[in-house]
Amino acid sequence: MARVQDKVCVVTGAARGLGLAAAEALLAEGAKVMLTDVDRAAGEAEARRLGARAAFMPQDVTREDGWNEVFDAVTARWGAPDVLVNNAGIADIADVERVPLKTWQRTLDINLSGVFLGTQAAIARMKGRGGSIVNIASIEGLVGEALIPAYNASKGGVRIFSRSAAIHCARSGYGIRINNVCPGFAETQMVSGALATMSPEAAQSFAAATLGRIPLGRFARPAEIAAAVLFLASDESSYVTGSDLVVDGGMTA
Ligand SMILES: NC(=O)c1ccc[n+]([C@@H]2O[C@H](COP(=O)([O-])OP(=O)(O)OC[C@H]3O[C@@H](n4cnc5c(N)ncnc54)[C@H](O)[C@@H]3O)[C@@H](O)[C@H]2O)c1
């Protein structure tokens with residue numbers, strides 16, 4: 001028996017990066033996975049590559065209606081959802097003196113309100129039959145970083161929101177577990193894209209300083225973050241709810 005055999009999963013922001021790696025890890029252990037993303041071309045191509053147990057739907061996680069469309073489509077195709085991975089996220093670099101209100105609001109909309117909407121919609125579908133909701137927070141929700149105040153605020157919000165929702169679901173006897181994965185720096189476009197917005201010198205010194213803060217001495221491979229998602233999605237974590245699983249090479253130790 002595979003670790004998430006026949007579990008029906010939804011992974012947001014799954015066209016690339018950590019979401020795609022999570023989808024691959026779940027599929028490799030027997031799940032059926034609906035990948036969603038705003039990037040339709042990449043999402044469709046990846047779902048095709050991943051085979052018949054994968055599918056793709058375009059979704060902007062900030063749209064409340066879209067959540068019902070996704071869960072209706074998943075239920076019609078494979079049955080009620082067992083797992084939701086709220087992974088979609090953005091990061092813009094601008095310190096507290098420079099971050100425009102628009103960037104602040106968009107970051108909170110996608111990274112925090114998107115997680116809230118997904119969690120709320122998933123609870124409605126999972127109530128009574130159980131399920132696992134895995135929210136991708138970050139070590140940037142544990143410690144501050146001068147260049148990303150909006151991102152810090154959004155990820156800190158995800159961490160404590162998940163705890164509140166987890167307690168509610170546990171006390172209500174819903175059989176739904178809700179946990180956070182807090183990745184450290186991982187090799188994805190989010191990190192390379194952020195570095196690309198800096199001058200080459202600034203990017204080099206930021207990367208060197210960051211690596212110096214990671215006891216394991218390297219960034220994470222996406223599959224190493226996906227392994228944590230897989231654990232929390234599976235029944236192996238049946239007594240884990242309202243927790244943070246930090247996967248950061250020791251950076252915050
Ligand atoms: N890469 C890291 O070092 C790192 C560290 C900690 C946490 N995280 C978190 O992991 C998650 C994935 O990050 P990643 O590194 O793979 O980033 P990424 O930029 O490579 O991928 C993010 C994906 O989310 C999608 N997306 C963006 N806005 C969306 C929206 N409104 N609705 C639906 N999809 C949307 C993008 O199209 C993209 O495919 C994010 O929540 C991020 O904050 C990443």
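Is Ala203 buried, partly exposed or exposed? Ala203 is partly exposed, because 15 other C-beta atoms lie within 10 Å, and a buried residue needs 20 or more while an exposed one has 12 or fewer. The model is predicted.

**Ala203 and its surroundings**
- Ala203 sits in helix α7, which spans residues 200-212.
- Leaving aside residues up to four places away in sequence, Ala203 touches Leu195 and Met198.
- Thr252 lies 49 residues from Ala203 along the chain, and their C-alpha atoms are 21 Å apart.

**Helix α1**
- Helix α1 covers residues 17-28, twelve in number.
- From first C-alpha to last, α1 reaches 17 Å, close to the 16 Å expected at 1.5 Å a residue.
- Eleven of the twelve residues of α1 are buried, so the helix is mostly covered.
- The buried residues include Leu18, Leu20, Glu24, Leu26 and Leu27.
- Gly30 follows α1 and has a positive phi, near 95°.

**Helices α4 and α5**
- The axes of α4 (residues 101-126) and α5 (residues 149-171) come within 9 Å and cross at roughly 15°.
- The two helices are therefore roughly parallel to each other.
- The crossing of α4 past α5 is right-handed.
- On the α4 side, contact residues include Trp104, Leu108, Leu112, Phe116 and Ile123.
- On the α5 side, they include Tyr151, Lys155, Val158, Phe161 and Cys169.
- Sorted by class, this contact has 13 nonpolar, six polar and one charged residues.

Methods: Residues numbered from 1 in each chain as written. Predicted model: local features only at pLDDT ≥ 70, side-chain atom pairs only at ≥ 80, totals over all residues. Helix = DSSP H or I, 4+ residues; strand = E, 2+ residues; numbered from the N terminus. Expected span 1.5 Å × (residues − 1). Axes fitted to C-alpha atoms, helices over the stretch in contact; angles between N-to-C directions. Parallel < 35°, antiparallel > 145°, perpendicular 65-115°, else oblique. Left-handed = near helix turned anticlockwise from the far one by under 90°. Contact = placed C-beta atoms within 7 Å. Nonpolar A, V, L, I, M, F, W, Y, C, P; charged D, E, K, R; others polar.
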